[in-house]
Amino acid sequence: MRRLTAASRIAIPLAGVLVLAGCSSAKSDSDDLQIVANPVAAQPAVSPAVTVKPAGQVLPGSAVSAVAVSGSTLVVALAQQPSLQLYDLDALASPPVNMPLYGTASRLTVAPGRVEIAEPGQGVVQQLTLPDRKLTETKTGGQPASSIAYGADRLVAMGAAKDIQVLPASGPARTIGGQIYSADDVLAAGDGVVVLDRLRTAVFSVDVAGGKINEGLRAGDGAANAVADSYGRILVTDARAGALIAFSASPLIMRQRYPVPGGAYGIAYDAKRSLAWVTLTARNEVVGFDVRGGEPVEKYRFPTVRQPDSVGVEDQSGRVIIGSAAGEGTQVIQP
């Protein structure tokens, strides 16, 4: 597949900027960020049976919905009988600590000293503090899809509610909405905040202080997952077209679009090594890209467990964690 030139990477999104609704009273039937009248969020490609032994070590377990690493603690969210399994990455032979959840976790996000756990089916976001392993809850209502720390506050992407909740350390919560069809993830990179909208397969800039959603850009044909890197960018996987897309967060500009065939879906970022790890669910593989330059450069490629929908990374050692949504365990790879 031909790689896109630097010029085409930058030029593509300029025609796709969404004009704020408040700029005009006229209602238009056209929408540059909507693919069809009734959009459907991209799903991971269905994985074939495993034919190559997965790299590294595989920890047995049921279907995984999300993974995260905080320090040397590996946190695995299980979808069936929703719970967390906590492993010591330096003692993987030891049995994990099991902690029940209210419902299946859609996303685990690492914040200083804790892991944020979004449980959309129960309208709850929980916080797991480490190393004391204490769970506390915040009732948000609706279907919270992800939660991040933002200064002293927390930002919660509220999924089908089409908005972001701002939860201050004290005082009442407030919401930020407008233009988006689904608030599936919220990310902070550099001085910018971005919300991922899977239904519109787009990313939008968020003005947290001003309480509004600003411009949006198309994020491929099927935006799936996103992560912030060390360079003020948001990296997005395009599950339908097979691509890794990089946006600067402030201002919101598409910087790169790089072809990644094979069902690109899950993504994690190793800040110490500037590596973006992308899972390929159609191939049962994970690929590590160096993202420091003008375009991603493949550095690693490993066979994985079946249906590798979730991926995380431990910055200190560079170990990569893969969660099988098909119930074939959690994989730990040392590149």
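Colleague: Is Glu 116 buried or exposed?

Modeller: In this predicted model, Glu 116 is buried, with a relative accessible area of 1%.

Colleague: Which salt bridges does Glu 116 form?

Modeller: Glu 116 forms a salt bridge with Arg 114, where the closest N and O atoms are 2.6 Å apart, and its side chain also meets that of Arg 154 in a salt bridge at 3.2 Å, N to O. Arg 154 lies in strand E11 (residues 153-157) and Glu 116 in strand E7 (residues 114-119), so this pair ties together parts that are 38 residues apart in sequence.

Colleague: And Arg 154, buried or exposed?

Modeller: Arg 154 is buried, its relative accessible area being 13%.

Colleague: What about Arg 301 and Glu 298?

Modeller: Arg 301 and Glu 298 form a salt bridge with their closest N and O atoms 2.9 Å apart; Arg 301 counts as partly exposed at 36% relative accessibility, and Glu 298 counts as partly exposed at 39%. Elsewhere, salt bridges that share partners join Asp 90, Glu 314 and Arg 319 into one network.

Colleague: How many salt bridges does the structure hold?

Modeller: The structure holds 13 salt bridges.

Colleague: Switching topic, which residues touch the most other members in the largest nonpolar core?

Modeller: That core has 17 residues, and Val 203, Ile 234, Val 236 and Phe 247 touch the most other members. Among the elements giving two or more residues to this core are strand E19 (233-238) and strand E20 (243-249), and E20 provides the largest share, 4 residues.

Colleague: What does Val 236 touch?

Modeller: Leaving aside residues up to four places away in sequence, the contacts of Val 236 include Leu 196, Val 203, Ala 219, Asn 225 and Phe 247.

Notes: Residues numbered from 1 in each chain as written. Predicted model: local features only at pLDDT ≥ 70, side-chain atom pairs only at ≥ 80, totals over all residues. Heavy atoms only, no water. Core = buried A, V, L, I, M, F, W, Y, C linked by side-chain atoms within 4.5 Å. Buried < 20%, exposed > 50% of the residue type's maximum accessible area, 1.4 Å probe, protein only. Contact = heavy atoms within 4.5 Å. Salt bridge = Lys/Arg side-chain N within 4 Å of Asp/Glu carboxyl O.
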